[in-house]
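Please examine the sequence and the three-dimensional structure shown here before reading on.

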Amino acid sequence: MFPERFSNLPAYAFPRLRALLDVHEAGGEAVHMTIGEPRHAFPPWVMDVIAGASHEFARYPENDGTAELRGAICDWAGRRYGVQLDAGRNVLPLNGTREGLYNAMMALCPETKGGVPVVLIPNPFYQVYMVAALSVGAEPVFVPATAETGFMPDYMSLPEDVLNRVAVAYLCSPSNPQGAVAPESYWRDLIGLAERYDFKIFADECYSEIYRDAPPVGALEVAAKMRADPERVLAFHSLSKRSNLPGLRSGSAIGGLKSIARMKQLRAYAGAPLPMPLQRAAEAVWADEAHVVENRALYGAKYAAADEILAGVPGYQGPEAGFFLWLPVKDGEEAALRLWRQTGVRVLPGAYLSQDTDQGNPGKAYIRVAMVAPIDEMARGLTALRDCLYN
């Protein structure tokens, strides 16, 4: 016997991509532009911190995170968003944000709300949102995030009968895959909607430190300005993109006292805390901003290169933030396969990040391209992509 709630999950994006492409020969030297794994250098002193704390591998990790790590995260959020936090009660260090985005649903979504609770999910979306909703027996409602809506889901237009059942709304800003940033007005509308219909917002802000010009506004700072219920917003951040440390698995959840307390309680039973030497490294990385500025400059050069190479592509819109390009094509699968067979450039069909709905699949006519490779390799890949798909 197996649970039915997971029986209809589509294949995950990357196995699905391998099934599409790997039965064909590459049309040139492979250029990998699919996965969002940062390839810039992380701070070299990270390894020194880990080595210096290696004796702490002999200890079970502190489940709630060290006081120093919680303090470093709170200090960073204070500098970044101007919010005052209690390091003991407002923050929970995570073993990567995917853990938090999943377990927050387990800890905080009620069993009923006007019947089966609804979880709002932007479409396209990070796949853990859907699985988290299914895990608690909620109904995922996929809301298109298209060019017509500024690549943000229009939750405000949903009908009353749906809004009355909403327990949680996920929102990714800067968005993956489109690189759009929710302006303060959007956050105000969404937080106001959540106040009116009494639901929580899970703000996935993992790409917040990679941007072109002005730093993206955050959910926490807007909620503080509005004097919203402190339990209304839970924000998730990570060192994976900010500091090029996806393998360190250091993320954080920041929210109201009751929400964090419930997440801590669940984690005490079922959590997998970060090993102590890695917590020590995270303490230092969250406290340092110089390497983040350097990293952002590298992405700035990549934005400029992409804008130049793709300037003539119809419908091209460079990202406001993050490191993905969301490029319009006739059919994402066909484009990805043609690109691989003719050039060796490897990209992800947009439909693999989206859910089919009655209105269609909002990712079908797109490909996602990760700008994580060294800039010369990235430029070579984008040039081959342009010449293959748009000329």
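Strands β6 and β7 are joined by 4 bridges and pair in the parallel sense. Within this pairing, Ala203 has Ala235 in β7 as its bridge partner. The model described here is a predicted one. As a general principle, the strands of a sheet pair through backbone hydrogen bonds, and the pairing may be parallel or antiparallel.

Strand β7 (residues 233-238) also pairs with strand β8 (residues 250-254), through 4 bridges, and these two strands run antiparallel. Here His237 stands opposite Ser252 in β8. How exposed or buried is β7? Because 6 of the 6 residues of β7 are buried, this strand is largely enclosed by the rest of the structure. In a regular strand, side chains alternate between the two faces of the sheet. In β7, Val233, Ala235 and His237 point one way, whereas Leu234, Phe236 and Ser238 point the other way.

These strands belong to an open sheet of 7 strands, arranged in the order β2-β8-β7-β6-β5-β3-β4, with mixed pairing. At its edges lie β2 (91-95) and β4 (139-144), each of which pairs on one side only. Neighbouring strands of this sheet are turned against each other by 20 degrees on average, with direction ignored.

**Helices against the sheet**

Helix α4 packs on this sheet and touches β2, β3 (118-123), β5 (166-172), β6 (200-204), β7 and β8. The direction of α4 makes about 160 degrees with that of β7. Helix α8 (residues 219-226) lies across β6, β7 and β8, and runs at about 150 degrees to β7.

Helix α4 (residues 97-108) also packs with helix α10 (residues 257-270); their axes are 9 Å apart and meet at an angle of about 100 degrees. The helix α4 is therefore roughly perpendicular to α10. Among the residues that make this contact are Gly100, Asn103 and Ala104 of α4, together with Arg262, Met263 and Leu266 of α10.

**A second sheet**

Another open sheet consists of 3 strands in the order β9-β12-β11, and its pairing is antiparallel. The edge strands, each pairing on one side only, are β9 (324-328) and β11 (348-349). Strand β11 is joined by 2 bridges to β12 (residues 366-370). Helix α14 (residues 375-389) lies across β9 and β12, and runs at about 165 degrees to β12.

**Cores and cysteines**

The largest nonpolar core contains 99 residues, and Tyr155 and Trp187 have the most contacts inside it. A second, separate core has 29 residues, including Leu94, Ala107, Ala138 and Phe202. Which residues does Tyr155 touch, once its neighbours within four places in sequence are left aside? Its contacts include Leu120, Ile121, Pro122, Val143, Leu163, Tyr186 and Leu193.

How many disulfides does the model contain? The count is 0. Cys172 illustrates why: the closest cysteine sulfur, in Cys206, is 7.0 Å from the sulfur of Cys172, too far for a bond. Two cysteines can also be described by their accessibility. Cys172 counts as buried because its relative accessibility is 7%, and Cys388 is likewise buried, with a relative accessible area of 11%.

Methods:
Residues are numbered from 1 along each chain as its sequence is written. This is a predicted model: local features need pLDDT of at least 70, side-chain atom pairs count only at pLDDT 80 or more; totals for chains, interfaces and linings use all residues. Side-chain values use heavy atoms; hydrogens and water are left out. Two strands pair if DSSP finds at least two bridges between them. Contact means heavy atoms within 4.5 Å. Axes are lines fitted to C-alpha atoms, for helices over the stretch in contact, and angles run from 0 to 180 degrees between N-to-C directions. A disulfide is a pair of cysteine sulfur atoms within 2.5 Å. Buried means under 20% relative accessible area, exposed over 50%, partly exposed in between (1.4 Å probe, protein chains only). A nonpolar core is a set of buried Ala, Val, Leu, Ile, Met, Phe, Trp, Tyr and Cys residues joined through side-chain atoms within 4.5 Å. Angles under 35 degrees count as roughly parallel, over 145 as roughly antiparallel, 65 to 115 as roughly perpendicular and the rest as oblique.
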